[in-house]
Every structure is written in structure tokens, then in C-alpha cells.
Amino acid sequence: QHPEYLISRSRDLKLSNRLRERLALVVAGHVARSYLRGAPAWSGEGLSGALRIPKANTQRILDLLVKEGFLLRSGDDPPRYLPARAPETIEVKTLLDGVRCFEEQQSGCRGTAPDFGIQEIESRIDGAIGEALGAMTLRDLADSLGEARAAVQDSDNGVPPDGLPKAEISSVGRGGNLEIQ
């Protein structure tokens, strides 16, 4: 009944920071691609099934992207997800920053100034990410999703989301961490 749980015995997989970022990019990319192609909007359950990831993990990423202002949740039952703004106006760097810093302000961690050496390292990492991504937008990300991958069927309504590629989990590592391709 829940094939996404065949990957791991857990119903809520512990994602590493990198995999959380990757899942956020995959989810946002799928939502934007569907929107840009005029295909049916994704539901959390549909994305979870397509990505073969437990609903709890997919929903956590969708909630994060909604709270950070990148996606909108429809009033449908079940809710569907759309980009909050035109995908060409959402920079991937900004989206990644939102994912990387999510909940830091509520926890108080963001406000504490780290040691100068740590600040320097964080600044260099942030600069390298910005340089690598340049002005890449969510539209660019959506357009870059693998054309050759098979389209997946949205489990909520049986309508294939035209041209949406399926992300695949290549392995589950120690501690139940996913590797998403």
C-alpha cells in the first residue's frame, strides 16, 4: 500500500543536510516544471509516490518551501503545490539558503556569532555556492530536469503529469539516509 516504505523500514527517514537540500531542489523543480507545462499541480502524496520517499519527508520539505515563501499550498483536498512567484524570479541560491537556514531564527542559533574562523569558512562556502549557481532560477532548474526519464503517474488522480521525470533513490545509507538522483 505504501511502496515508498520498501526503501527503508522507517516511515520518516533521517535526511542528511545535503539530502534535505537535494530533496528540496527536486521537489521545487517538479512543482515548477508541472506549473510551466500546464500539467496538474502536484500533491504531497503524488510527489511522495513519484520520488519513492516517505510522505513525512516529502511533506516536511513542502512545508519548509511554503513557510520560506517559495511555494503556495492550494485549498484543494488534498492540497496541491504551485510556485509562489514566477519560477524565473526565484533564484536557486535563495531557495538553497532558505533550506539551509530553515528554523535557525526560531531556535536562536542564527543570532549567535560564531568564532571569526568559523565565520570565514561559512562565508567562503556561501560565496562558492553563489558563484557555482550564478543567476540560476527555479525555471532553469525545472527546465534542466532529465528529459529522458519516464513520466510518473500522480497517484492522487491517475493523471500523468506530462513530462515530469521521476527522481530515483540510488541507495539508503547508514542510518537510513537516502541518496536521491
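Which residues have the most contacts inside the largest nonpolar core? In this predicted model, they are Leu-23, Val-27, Leu-65 and Leu-95.

## The nonpolar core

The largest nonpolar core has 30 residues. Five helices each supply at least two residues of this core: H1 (17-37), H2 (44-51), H3 (55-67), H4 (92-101) and H7 (138-144). Helix H1 gives the most, with eight residues.

Leu-65 is one of the residues with the most contacts inside the core. Leaving aside residues up to four places away in sequence, Leu-65 touches Ala-24, Val-27, Ala-28, Phe-70, Leu-71, Leu-95 and Val-99.

## Overall layout

The protein chain holds seven helices and five strands. Read from the N terminus, the order of these elements is α-β-α-α-β-β-α-α-α-α-β-β.

Among contacts in the chain with a separation of 6 or more, 66% are between residues 24 or more positions apart. The chain has 181 residues, and 36% of them are buried.

## The surface

The accessible surface of the protein chain is about 10100 Å². Carbon and sulfur atoms account for 48% of this surface.

Tyr-35, Leu-72 and Leu-82 make a nonpolar surface patch of about 280 Å². Of these, Leu-72 lies in strand E2, which covers residues 71-73. Its relative accessible area is 45%, so Leu-72 counts as partly exposed: exposed would require over 50%, and buried would require under 20%.

Definitions and conventions. Residues numbered from 1 in each chain as written. Predicted model: local features only at pLDDT ≥ 70, side-chain atom pairs only at ≥ 80, totals over all residues. Heavy atoms only, no water. Helix = DSSP H or I, 4+ residues; strand = E, 2+ residues; numbered from the N terminus. Buried < 20%, exposed > 50% of the residue type's maximum accessible area, 1.4 Å probe, protein only. Contact = heavy atoms within 4.5 Å. Areas by Shrake-Rupley, 256 points an atom, 1.4 Å probe, with all protein chains shown as cover. Patch = residues over 30% accessible without salt bridge, like charges linked within 9 Å, V, L, I, M, F, W, Y side chains within 5 Å. Salt bridge = Lys/Arg side-chain N within 4 Å of Asp/Glu carboxyl O. Core = buried A, V, L, I, M, F, W, Y, C linked by side-chain atoms within 4.5 Å.
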